Amino acid sequence: MGSLENRPPLKRDHLFHSSSCSSVRSRFARLFLFNKINYLQLICAVSVSFFFVFLFQIFFLPGSAANEEEMKYDKFHYLFTNNSNLSFLKELGFGEDLQFEPLKLLDKFQDGAKYFNGSFASKGVILKPKLALVFPDMWVDSHQILMVTIATALRETGYEFEIFSLEDGPVCAIWRDVGFRLRVINADENTNFGIDWLNYNGILVNSLKAASVFYSLMQEPFKHVPVIWTIHEQELALRLSGQTQLVDNWRKLFSRATAVVFPNYILPMAYSACDPGNYFVIPGPPAEACNTVQNDNRNRKNDFVVAVVGSQLLYRGLLLEYALVLKALHPLLQKGSNNSRLKILVLIGNSTSKFGTAVETIAQNLKYPNGTVNHIRVDGNADNVVRDADILIYGSFLGENIFPEILRKAMCLGKPIIAPDFPIIQKYVRDEVNGYLFPKENITVLTQIMFRLISKREFAPLARNAASIGKIVAKNLMVSESVDGYASLLENTLLIPSEKIPVEWKSEWKWRYFEAITNALSPNRINKLLDKVERQFNRTRKENSVDFFITRNDTFLYTIWEEQKHVDFDNARKRREDDELKDRSDQNRKIWDEVYRNARRVDRSLHERDEGELERTGQPLCIYEPYFGEGTWPFLHRTSLYRGIALSTKSRRKGVDDVDAPSRLPLLNNGYYRDVLGEYGAFFAIANRIDRVHKNAWIGFQSWRATASMKSLSKSGEKSLLDAIESRKHGEALYFWTRLDTDPRYVSGRDFWSFCDRINAGNCQFAFTKALTKMYGLKRNSSFLPQMPSNEGTWSVMHCWVLPTRSFMEFVMFSRMFVDALDSQFYDEHHKIGQCYQSLSKDKNCYSGLLELLVNVWAYHSARRMVYVDPTTGEMQEQHKLSQRRGQMWVQWFQLSTLKSMDEDLAEEFDYEGPTKRWIWPLTGEVFWQGIYEKERNMRFKEKEKKKQQSREKIQRMKKRARQKALGKYVKPVEEIESISTAQ
């Protein structure tokens, strides 16, 4: 075999290598092949090079372990030189940087961002979300200043705000002057506020004092509205210590919020017992002291006060760091006249800690005169210490992500500050401009700064200038971080993109709006309001004691309950099937006695009818109000003209003759379809064997949201509608009283399909075309969209309309087939991955916007008259007159004969093939066609013949049965014969 070097070159070598490269490579190979280099020498050279790289990294690179150890040694050497009695501090370590990361909340945002990016990027839609701001009162506090700043900034990017307050106050005028709508709301006895929270994309609740709002937000259908709860108070954390039941109750409220926002990292730790994993930190405005005039009432003349403060966290190294600061301040005792006395206030610990003794020990060992160093507890004394100090030193070396609050207070009051050069502090404090910075690695710089600032125990002009500049900077500290923080949180919570906020709207806190009412501070009533909320806890626990017992018990009881529920459901279904067969059977003529006897039997089986049912008997119309959840109860009517229909058995009103929709339509027990169908679930439930629940000639529906938005029928509107129905003024017409052109979602100049696209993420026409194409069995590439001209009148929205009962059944027949076609097209993506083509977010009511307008398409193209009724005055006006629709209606596609034949085809298919696939149409109502009637009649005939055959066989068996013969003839005795003859 030839060598590798002598083989012919490959065909593609010239594409990648030149001849010189190949020769170098061959020489390098020969160098190793013929042992030109000693391998041991090569290994030694590589090892030495790695060793020098390691030494360079250890001793020269910044942030290395050697540098840290050297810095620590320098600090210990500086502190313990000539102070051997402080050796107990050697066991303490310096504080490490603190970082708060809401991991659960961030993971939730990342999951939402996957859908967020895909849905919006593909559709290119930017919405203008509407938010509700809820306050406990209208007094001046940090929440008001924060939210005025946030709302005015976000309004520039398209956000809309509506303000709610539980009490009136002087700040109401400010909100109205700024241009926001404000309402003062009150709760009823069930803590319902009578507000449709579904009108808002999100709710911002401010302060612990507004916790009572959560009782309304924890009820259906408001349980899934995003809520951001901003808390600046710490009083509740003090009440929760050792109260297990109280902690559990408050944790439920904290869990309802999508995010609980605190202004610093101390409050999340204080409320850690209630943490459900949704805490978030966004800096707020500085203390109210920034908007007040400094009031210095100190009764002293010669004292020069230096305050040593630090982090609110009590960690082991804080005492060691304070000792370093006191060591650096000790040279000040040798400077100045003896007439003045230096006074150092050390702010650390609380009433239960033993930091006071440690501070005294450190001061004695550093040879401070008695009374020079004083320990001050943090409990309620921090503001007084800042106010009394001439200069403030931040002595904590613990790095944080938010500017220390106590430094903000000092700057607001015009105090010179000295702090370590942390990145967050360097961002707002420029050395020797509005404050002074020292490196924590070299504590001696602090001594030099103090000598520069103090001249004979008095401020140097340089210190006064820095303090005055710092006061101006502090009033607008961290505005941009706060505005951007809330904007980012809202974008991740609502999953709605927002525009970039202009710089001029996040450059200052809106102090100027509150200058005229600086004395209108919020009264300290938080404990009273918290007591009220906790009393509601006890009331709710008593009302739900049975449910609470079941949920806290083992799953055994729940299993028994589930089994019994399934048994009852099967029995009810069997009874319904028997009733249906009985209704469809041929009724033979009977004599009057049998009819009377059957009527008496039925009368005994009937329950005593409700008063409302008796009142509705003679009326031509009954209006049903579909609802889901206790939150909708305040918007439902209680007169005989109206009747509620509960989409969930659990949310049914007690003591009211409401229709239980799931018992009439078992499909509504499926939570997915109950949410997807919405009001159409009530339509299908009423239409299913309608003669058993509805006995009126006309039927109507009204959404509870129409009542919430003040668009329901008034007494005048009801009277006008009933008069028109009884006189048959417009024949079999569709009457409606919530019109499209007055809807808040409507944009002037848009037609029907444009409005539909707007409320369905731009996919209304696409979804309608696909559903109708599937429903009528047309080609997939055909464009099948009915015309809906808007120049002839307006349209109906919000499911507020009235129809003849016969026309309603025809509409339900059309709707069932349309919903089935719609579900077959979009079920997989919506149910499995949560993607909804008709919404820009993960909306559980995916089809609601599309189905809201379906009645208009059916009524227009089935040649029904459409009449608008003014809900206030009752005035009527016909829309889209029949004479103007000629040539535009698709009557052949919407007429009864076409729909009935399609319905029978579906019923025949289901009858022959059965439920072999997931199919929603058979579950939305009755399944009937002529073949089913014939099949049932044959089945009854066979059963009848079977019974006759069984009777004949029984008679034959009785005839053929062997009979026992007589045992003998009875003979009377002689005595009995004689007695008879004697008697004669």
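In which sense, left-handed or right-handed, does helix α14 cross helix α17? Before I answer, two remarks on the model. This is a predicted model, in which local features need pLDDT of at least 70, side-chain atom pairs count only at pLDDT 80 or more, and totals for chains, interfaces and linings use all residues. Residues are numbered from 1 along each chain as its sequence is written, and side-chain values use heavy atoms, with hydrogens and water left out.

To the question, then. The crossing of α14 past α17 is left-handed, a term that applies if the near helix is turned anticlockwise from the far one by less than a right angle. Helices here are DSSP runs of H or I with at least four residues, strands are runs of E with at least two, and both are numbered from the N terminus. The axes of α14 (residues 405-412) and α17 (residues 461-474) come within 7 Å and cross at roughly 120 degrees. These axes are lines fitted to C-alpha atoms over the stretch in contact, and angles run from 0 to 180 degrees between N-to-C directions. Arg408, Met411 and Cys412 of α14 meet Gly470, Lys471 and Ala474 of α17; contact means heavy atoms within 4.5 Å.

Setting aside residues up to four places away in sequence, alanine 132 touches Glu162, Phe164, Trp197, Tyr200, Gly202, Ile203 and Leu204. Leucine 204 is 72 residues from alanine 132 in sequence, yet their C-alpha atoms are 6.1 Å apart.

In α6 (residues 171-178), the buried residues include Val171, Ile174 and Trp175. They line one face of the helix because, seen down the axis, they fall within an arc of 160 degrees, taken from the directions from the helix axis to the C-beta atoms. The buried residues of α6 pack against β1, α5 (142-155), β2 (160-165) and β3 (181-184). Just after α6, glycine 179 has a positive phi of about 110 degrees.

Finally, the largest nonpolar core has 102 residues, and Ile686, Trp801 and Phe808 are among those touching the most other members. Such a core is a set of buried Ala, Val, Leu, Ile, Met, Phe, Trp, Tyr and Cys residues joined through side-chain atoms within 4.5 Å. Helix α31 (residues 805-833) gives the most to this core, 12 residues.

Key:
Buried < 20%, exposed > 50% of the residue type's maximum accessible area, 1.4 Å probe, protein only.
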